[in-house]
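Open the model in your viewer and keep the selection tool handy.

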Amino acid sequence: MGGTMDVTKQHRRGNTRQRIQDVALGLFAEQGYEKTSLREIAEHLDVTKAALYYHFKTKEEILVSIFDDLTQPILDLIEWGRKQPHTLETKQEIVRRYSETLAGAAPLFRFMQENQAAVRELRVGETFKERMQGLREIIIDPDADLTDQVRCVSAIFTMHAGMFFLQDITADPEAKRKAVLEVATDLVTQAHRGSANA
């Protein structure tokens with residue numbers, strides 16, 4: 001019986017942690033990371049600061065937890081990609097999976113784009129750079145010429161740009177994501193053909 005109580009308590013705690021992350025990310029995006037206080041987060045959650053401290057001691061802890069949770073699929077993708085052959089199909093699958101990851105973490109990436117100065121100063125900025133480096137390593141052929149390396153990196157940035165610079169274009173979000181994915185896939189396909197012909 002005690003086991004059931006522990007599971008229920010842990011489940012509730014997980015929900016509270018998720019609620020804190022959601023509210024904090026919303027406030028960080030709305031008013032900026034620097035201008036958001038733990039007190040405001042607690043007020044929006046209708047909990048005491050002590051209750052918030054139980055889960056997170058600082059704003060950075062909250063942001064790091066959001067970042068870790070929402071970018072875990074990038075780490076999983078990098079791990080998967082390192083075990084795959086450098087084929088066109090692998091590159092296309094990397095692009096497809098990364099597109100899905102970005103879609104799932106869109107609020108975080110928008111926050112990072114709009115709060116670049118704060119992100120640079122925080123641990124998540126360095127961690128994100130490391131993840132992008134890992135992604136670059138699995139999408140670029142080791143023997144690719146410079147132009148094809150640029151194409152592969154451009155595929156990644158095309159997906160990032162698609163999130164931010166197409167917001168004002170009137171179209172279904174999924175249609176925009178598919179259009180961006182098509183362009184990114186074209187870039188890695190062209191790069192792969194270039195490497196194959198070298």
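Start by selecting M112, which is buried at a relative accessible area of 8% (buried means under 20%, exposed over 50% and partly exposed in between, with a 1.4 Å probe and protein chains only). This is a predicted model, where local features need pLDDT of at least 70 and side-chain atom pairs count only at pLDDT 80 or more, while totals for chains, interfaces and linings use all residues. Residues are numbered from 1 along each chain as its sequence is written, and side-chain values use heavy atoms, with hydrogens and water left out.

M112 sits in helix α6 (helices are DSSP runs of H or I with at least four residues, numbered from the N terminus). Which residues does M112 contact, leaving aside neighbours within four places in sequence? Show F67, V119 and F128; contact here means heavy atoms within 4.5 Å. For a sense of scale, draw a C-alpha to C-alpha distance from M112 to I140: they are 25 Å apart in space and 28 residues apart in sequence.

Next, select α4 (residues 59–82) together with α6 (residues 106–114), whose axes come within 10 Å and cross at roughly 120°. Axes are lines fitted to C-alpha atoms, for helices over the stretch in contact, and angles run from 0 to 180 degrees between N-to-C directions. The angle makes α4 oblique to α6 (under 35 degrees counts as roughly parallel, over 145 as roughly antiparallel, 65 to 115 as roughly perpendicular and the rest as oblique). On the α4 side, pick L63, I66, F67, L70, T71 and I74; they meet L108, F109, F111 and M112 of α6. This contact holds 9 nonpolar residues, 1 polar and no charged (Ala, Val, Leu, Ile, Met, Phe, Trp, Tyr, Cys and Pro count as nonpolar, Asp, Glu, Lys and Arg as charged, and the others, Gly among them, as polar).

Finish at F109, which touches T71, I74, L102, F128, M163 and F164 beyond its neighbours within four places in sequence.

Note on methods: Helix = DSSP H or I, 4+ residues; strand = E, 2+ residues; numbered from the N terminus.
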